[in-house]
Amino acid sequence: MIKPFLKKINSFSPIQKKFPLDYIIPVYHCVADTHLPHLKHIINYKNSLEFEKDLDYISTRFEFVDLQTFIKNHDKKRNKPYALLTFDDGYIEFRDIIAPILLRKGIYAINYINPAFIKNDDMMFRLKVSLIIEKILSKNFIASDSLVNFLMLPNASKKDLIAKIKTISYTNRHLLNQISIDIDLSFDDYLENNKIYLNIDDLQYLQGKGFDISAHSWDHPYLTELSINDQIKNIQQSIDFMSGNGFSNESLAFPFTDFGLKTSLFDKLFKDNKTLKFTLGTAGLKFDSVDKNLQRVPMENGFSASDEINFESNYFNLKKIFNKNQIIRI
C-alpha cells in the first residue's frame with residue numbers, strides 16, 4: 001500500500017542524476033490510440049504520443065541495446081546504463097503501431113508471447129474479465145437474477161459485480177465463460193471481429209525486422225496457483241515452442257509476476273535449458289537471490305517514463321538503507 005502513495009509524492013523529488021543499476025528493463029504490453037475493450041479495464045496502456053515521449057526520455061539517460069549486447073555486457077560498469085525494451089503478451093498493436101515507431105527511432109525490443117493465443121481462437125482470461133466489465137458498464141446493462149445468484153451477490157451494484165469478477169483467477173477461469181453466456185457476450189464473436197494477437201506470420205515478420213520473440217509461459221497463468229510441476233510444464237511448453245519455430249530461447253519473462261517462485265523452479269529451468277541466459281520478473285528495481293533472474297520496471301502505471309524511473313531510483317535507494325532491495329527466495 002505504501003508504494004502507490006510514494007509514487008504520488010515522488011513527482012516533487014529531484015531527478016536522480018546517477019541511476020543505481022547498470023541497466024533498466026522497461027516492460028510494456030500495448031500502445032494504442034483507440035479504445036480497446038479487451039484491455040481497457042486491465043492495462044493502463046499508453047497512446048503513441050505518450051509512448052514516444054517515454055522513449056525520448058529513456059534515450060537521454062540510457063543506451064537502448066539489443067538482446068545479444070545486453071547478455072554480454074549488462075553487468076559491466078559504464079557511464080550510460082543499458083536499456084532493454086520489452087513487451088509482453090504479443091498484441092497486434094506491436095506490429096501496427098509500436099514497430100513502426102521503434103524502427104524509425106532505431107530502437108530494438110523483445111516480445112514475450114504466449115503460444116496458446118497466436119491462432120487468435122482464444123484469449124488470456126484477464127482479457128475476458130475486461131470484456132465482461134465493459135459490458136457491465138454499458139448504459140443499458142441490468143444484471144439478471146441468475147447472474148447475481150451465480151456470483152452470490154444479491155442486490156449488487158455494478159461496482160460490486162465488477163469487484164467480484166476481478167477476483168476470478170486462472171484456475172477458475174471457466175467461470176468467465178459461464179458469465180459471458182448470462183450477459184449475452186460472445187468471446188468467439190469478439191475474436192472473429194477483432195484481431196488481438198500477433199500470429200505466426202506476424203511474429204516471423206517482426207523477427208525479420210530485427211525484433212526478438214521469446215517465451216512468456218504457454219497461456220499466462222498465475223504461476224503460484226499451480227504446483228511446481230505444472231509451473232515447469234507450462235513454462236517449458238512455451239520454451240519448446242520458441243525452439244521449434246526458430247525464435248529466441250535465451251530469455252524468458254514470467255507471466256504476471258515472479259513473486260513466490262521457488263529457487264528449485266529456477267534451478268530446473270536453467271538445468272533443462274542450456275541456452276537460457278536469464279529470466280525476468282516485474283518487481284521494479286531490485287536485486288534477486290537468483291542472480292540470473294532480473295527485474296523489470298512496469299511502465300503502464302499512469303506515470304511518464306521520467307516519473308516512473310525517478311520513483312524507482314528513489315525507492316531503490318530508500319530500500320537500500322534498510323537492506324530491503326533484494327528478493328530472497330527459498
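Which residues have the most contacts inside the largest nonpolar core? Let's look at that first, keeping in mind that this is a predicted model.

**Close-up 1. The largest nonpolar core and Phe51.** Phe51, Leu85, Phe94 and Leu102 have the most contacts inside this core, which holds 88 residues. Helix α5 (residues 125-136) gives the most to it, with seven residues. If you centre the view on Phe51, you will find it touching Tyr28, Val31, Lys46, Leu85, Phe87, Ile98, Ile101 and Leu102, leaving aside residues up to four places away in sequence. A second core of 15 residues is separate and includes Tyr23, Ile71, Tyr112 and Leu294.

**Close-up 2. The buried face of helix α7.** Leu161, Ile162 and Ile165 are buried in α7, which spans residues 158-166. Seen down the helix axis, the buried residues of α7 fall within an arc of 95°, so they line one face. Their packing partners are α5, α6 (145-150) and α8 (174-182).

Close-up 3. Between Lys105 and Glu52, the closest N and O atoms are 3.5 Å apart. This pair links distant parts of the chain, with Lys105 in helix α4 (residues 93-105) and Glu52 in helix α2 (residues 48-61), 53 residues apart. Lys105 is partly exposed at 28% relative accessibility, whereas Glu52 is buried at 18%.

**Close-up 4. The salt bridge of Asp258 and Arg329.** The two side chains meet at 2.7 Å, N to O. Relative accessibility is 2% for Asp258, which counts as buried. Arg329 is buried too, at 9%.

**Close-up 5. Lys277 meets Glu250.** These side chains form a salt bridge of 3.5 Å, N to O. Both partners lie in loops: Lys277 between α12 (263-272) and β9 (278-281), and Glu250 between α11 (228-244) and β8 (251-253). Lys277 is partly exposed, with a relative accessible area of 36%, while Glu250 is buried, with 17%.

**Close-up 6. A nonpolar patch on the surface.** Leu318, Ile321 and Phe322 make up this patch, and together they have about 330 Å² of accessible area. Leu318 belongs to helix α13 (residues 305-321) and counts as partly exposed, at 36% relative accessibility.

Methods: Residues are numbered from 1 along each chain as its sequence is written. This is a predicted model: local features need pLDDT of at least 70, side-chain atom pairs count only at pLDDT 80 or more; totals for chains, interfaces and linings use all residues. Side-chain values use heavy atoms; hydrogens and water are left out. A nonpolar core is a set of buried Ala, Val, Leu, Ile, Met, Phe, Trp, Tyr and Cys residues joined through side-chain atoms within 4.5 Å. Buried means under 20% relative accessible area, exposed over 50%, partly exposed in between (1.4 Å probe, protein chains only). Helices (H or I, at least four residues) and strands (E, at least two) are DSSP runs, numbered from the N terminus. Contact means heavy atoms within 4.5 Å. The arc is that of the directions from the helix axis to the C-beta atoms. Patches are made of residues with over 30% relative accessible area and no salt bridge: like charges are joined within 9 Å, nonpolar side chains (Val, Leu, Ile, Met, Phe, Trp, Tyr) within 5 Å. Accessible areas come from the Shrake-Rupley method with a 1.4 Å probe; for residues, only the protein chains shown count as cover. A salt bridge is a side-chain nitrogen of Lys or Arg within 4 Å of a carboxyl oxygen of Asp or Glu.
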